[in-house]
Amino acid sequence: MSNNDIASISPNRVRRVYICGNGKCIHRSAAESVFNHLLGLIRTHQMDNFEAPYRVKCQLAGCLDICTNGVTLVVQPDSIYYWNIDEEKAEKIFFQHLINNQPIEEFRYQPNP
Ligand code: FES
């Protein structure tokens, strides 16, 4: 997916964030920290509310098949994978991607060519 594809992404009524909690890519406690931080932001901004114009759901999930480089997550239905995510990066993803609909290219999963 190129930068042009990112620009064409339109807001989605419900986004789902799946964070790998499998424990092979990084210790599960790191994934839980990112999950708890993101969940706190979602709740603070009431994006978990059924009445919210753009809802976000977040959960720990199984393996996302990119088992290296730290905490990995995927935002659906955008199908955008991020890796090596910490709480600070998760917060940037929350505000820039989930609220402003602009995925963060520098945090995205980059498969080996
Ligand atoms: S174990 Fe985390 S992505 Fe595979």
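Author: The expected span of a helix is 1.5 Å times one less than its number of residues. Helices are DSSP runs of H or I with at least four residues, strands are runs of E with at least two, and both are numbered from the N terminus. This is a predicted model: local features need pLDDT of at least 70, side-chain atom pairs count only at pLDDT 80 or more, and totals for chains, interfaces and linings use all residues. Residues are numbered from 1 along each chain as its sequence is written.

Reader: How do you know whether the reach of α2 is close to the expected one?

Author: Helix α2 has 17 residues, and from its first C-alpha to its last it reaches 24 Å.

Reader: What makes a residue of α2 buried, and which ones are?

Author: A residue is buried if 20 or more other C-beta atoms lie within 10 Å of its own, exposed if 12 or fewer, and partly exposed in between, with C-beta atoms placed from the backbone. In α2 the buried ones are Ala 31, Val 34, Phe 35, Leu 38, Leu 41 and Ile 42. They lie on the same side of α2, because they cover an arc of only 130° around the axis, the arc being that of the directions from the helix axis to the C-beta atoms. On the other side, Ser 29 and Thr 44 are exposed.

Reader: Why is Ser 79 called exposed, and what is Asn 84 called?

Author: Ser 79 has 9 C-beta neighbours inside 10 Å, so it counts as exposed. Asn 84 has 14, so it counts as partly exposed. Ser 79 is in the loop between β3 and β4, and Asn 84 is in the loop between β4 and α3.

Reader: How do you know which residues of α2 meet α3?

Author: Two residues are in contact if their C-beta atoms, placed from the backbone, lie within 7 Å. In α2, Ser 33, Val 34, His 37, Leu 38 and Leu 41 meet Glu 87, Ala 90, Glu 91 and Phe 94 in α3.

Reader: What describes the packing of α2 (residues 28-44) and α3 (residues 87-99)?

Author: Two packed helices are described by the angle and the distance between their axes. Axes are lines fitted to C-alpha atoms, for helices over the stretch in contact, and angles run from 0 to 180 degrees between N-to-C directions. Here the axes come within 9 Å and cross at roughly 35°.
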